[in-house]
Amino acid sequence: MFYIDKKQRRWRDNTKDIALMHIGPALIVFLAFFGLTIWSIIEANDNVRSRRDQVLSQDIQQTKTDIKERIRIYEDVLRAGVGLFGASDNVTRNEWKQFINIFELPKRYPGIQAVGYIEKINNEDLQSHVESAHSEGLTDYIVRPAGYRPVYYVVTYIDPATSENNKVLGFDLYSENQRQKAMDLARDTGKVTLSDKLSIIQDDPVYKKPGFLMFLPIYKRDTSPENIEQRRSENTGYIYAAFRTKDLLDKLQISQDRHFGFQLYDGVISSATQLYESPSFKKINASDERKPNIQQLTVNNQKWILVSKVDDSVVSSIERSRPVNVLWGGILFSIFVSGFIYLLLLNRARVLAHKDQLEIQEAKDELLALASHQLRTPATGVKQYVGLLREGYAGKLNKKQKKYIDKAYASNERQLSTINEMLFVAHADAGTIKLTSRRLNLSSIVRDICDEQSIDAKKNNQQLTSILPKKSIYIYADRIYVRMAIENIVNNALKYTPHGGKINVKLSRKKEFVQLVVEDNGVGVSKKNYPLLFQKFSRIPNELTGKVSGSGIGLYLAKNIIEAHGGKITFKSQENVGSSCIVKLPINTKNKIL
């Protein structure tokens, strides 16, 4: 039997309340899509950063490779010089010049300032060494700095023979600590060694430029020293090269990149140890607050520090603008989707409310039609005749007669009301309601019922969940009565589940039948009250019985309808834990009398 709550009906008809009810879901949808937008913005920013880091990493690797390769090429010049002295005991100045000219240093080896031969001279041989230089036309040649030393390492030959480079002739490089340190390491290891940052002798003392020297030791002919002691005793001098770092590295293609800049430091980062700064670094660093990338660059014995940056233009303008575009696009899309969901739910609620009213009216009309030839007909006849008496068609009534007639009329009215209320139960008990089985979508019916009942569930802060198979389940049954049975079962679960509770409705298909399970975590039923479950007009006492309305015939009618379709209904419950109602319906049901 249907019981319509007037408050609920008024609530459904209240457009403002319906609108407010759907603000929550729409807001949740908006927040979900806006959250997705924020995630997309973060992802877009990460992509920009990743792309920038990727370009920076490539440029750093290219810089390291170019510097190492350039140094390696210059090492070949020094090795060739060592080979020259290994092939001859006495390499003349002209032979040295001819040898160096072969390399075409300014053209093929840009950045190199000079290549020279450093001769090891014992103190007792110093005078003859100077006289030999004078005899070759170098009348101003002296060994400097002056002063006694047991061994001198003097620059004897140097090319290109420019005025700047000629300043170095006769200079004892071993007399200065930084140069001595690099020369000792080269001698003791037999490998090409780079000096620390220094200013080459060719430079003006006032305008010194950062640079470094490269040394490769020469040993006595036909010797192969294998340890430090042997290398020290067999060492006769060095081939060396002088570099201004700016002249050397400005020639690298990567140094001219407007979007990439770098600095090179000797060991630690400070103004005193800076070897080089590319032309674009200062501008990039000033326009970008991000910290630069710092890596170590190992070249031979030196561990230089490479500080580098790229500007944002290495990433395309489309990629750079993507985070902003995603933000505005996401906001607009979130508003559109949430607004659409709001209007869709609002319209759905109105349609369901209207559908409920139509179904209720249809049920009422059917019950009235069934009653027209049975209990309602005699009661209506009594009403008519009593009415005639009240109106005086059988003669004028005195006050006492009129009082009795009025009571009879009122009593008849209550009787008609009771008949209308119990008519369905009477017909069901009498077996006079005929089931008309047609193919119907049971999944759709269960979904509709859950959608409708969710209004009450939300009102009570309950969670009503329907679990339906992806493929719709069809059965042959009477739509009206099957719906009535399921609706009563779900409604019963909602009534006896407290605020904040959960109700799960699960529909599934077995081989020969379909199964509907309605579970809740409500007040439950004790075992002693199990016999009252499906009895007519029975209401099981619990903490919610007095708070909810009911006639006590919901489960009774549901049981009769399910069994009339050849199905079975069972009930499992535990007090203060919850209940489970299990309905099994056959796939096919013939028309029969309920």
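What follows covers a sheet, some aromatic rings and a couple of single residues.

First, the ground rules: this is a predicted model, where local features need pLDDT of at least 70, side-chain atom pairs count only at pLDDT 80 or more, and totals for chains, interfaces and linings use all residues. Residues are numbered from 1 along each chain as its sequence is written, and side-chain values use heavy atoms, with hydrogens and water left out.

**The sheet**

Helices (H or I, at least four residues) and strands (E, at least two) are DSSP runs, numbered from the N terminus. Two strands pair if DSSP finds at least two bridges between them. Here, 4 strands make an open sheet in the order S7-S6-S9-S8, with antiparallel pairing. Strands S7 (274-277) and S8 (293-299) are at the edges with a single partner strand each, so one side of each has no neighbour in the sheet. Strand S6 (residues 260-266) and strand S9 (residues 302-310) run antiparallel and are joined by 7 bridges. To see one of them, look at Phe260, whose bridge partner in S9 is Val310.

**The rings**

Rings of Phe, Tyr and Trp (its six-membered ring) pair if their centres lie within 6.5 Å; planes under 30 degrees apart count as stacked, over 60 as edge-to-face and the rest as tilted. The structure holds 19 aromatic pairs, and two of them are set out here.

| Pair | Centre to centre | Angle between planes | Type |
|---|---|---|---|
| Phe85 and Tyr117 | 4.0 Å | 20° | stacked |
| Trp96 and Phe99 | 5.8 Å | 40° | tilted |

Phe85 in helix H2 (residues 15-87) and Tyr117 in strand S1 (residues 112-122) are 32 residues apart, so this pair links distant parts of the chain. Trp96 and Phe99 are 3 residues apart in helix H3 (residues 93-103), about one helical turn. Buried means under 20% relative accessible area, exposed over 50%, partly exposed in between (1.4 Å probe, protein chains only). Phe85 is buried at 9%, and Tyr117 is buried at 9% too. Trp96 is buried at 0%, and Phe99 is buried at 14%. Ring pairs also link these residues into a cluster that includes Tyr74, Phe103 and Trp304.

**Two single residues**

Is Asp247 buried or partly exposed? Asp247 counts as partly exposed, at 31% relative accessibility. Asp247 is in helix H9 (residues 245-249). Leaving out residues up to four places away in sequence, Asp247 touches Gly111 and Gln113 (contact means heavy atoms within 4.5 Å).

Finally, the charged end of Arg439 sits over the ring of Tyr474, 3.9 Å from its centre. That label applies if NZ of Lys or CZ of Arg is within 6 Å of the ring centre and within 35 degrees of the ring normal.
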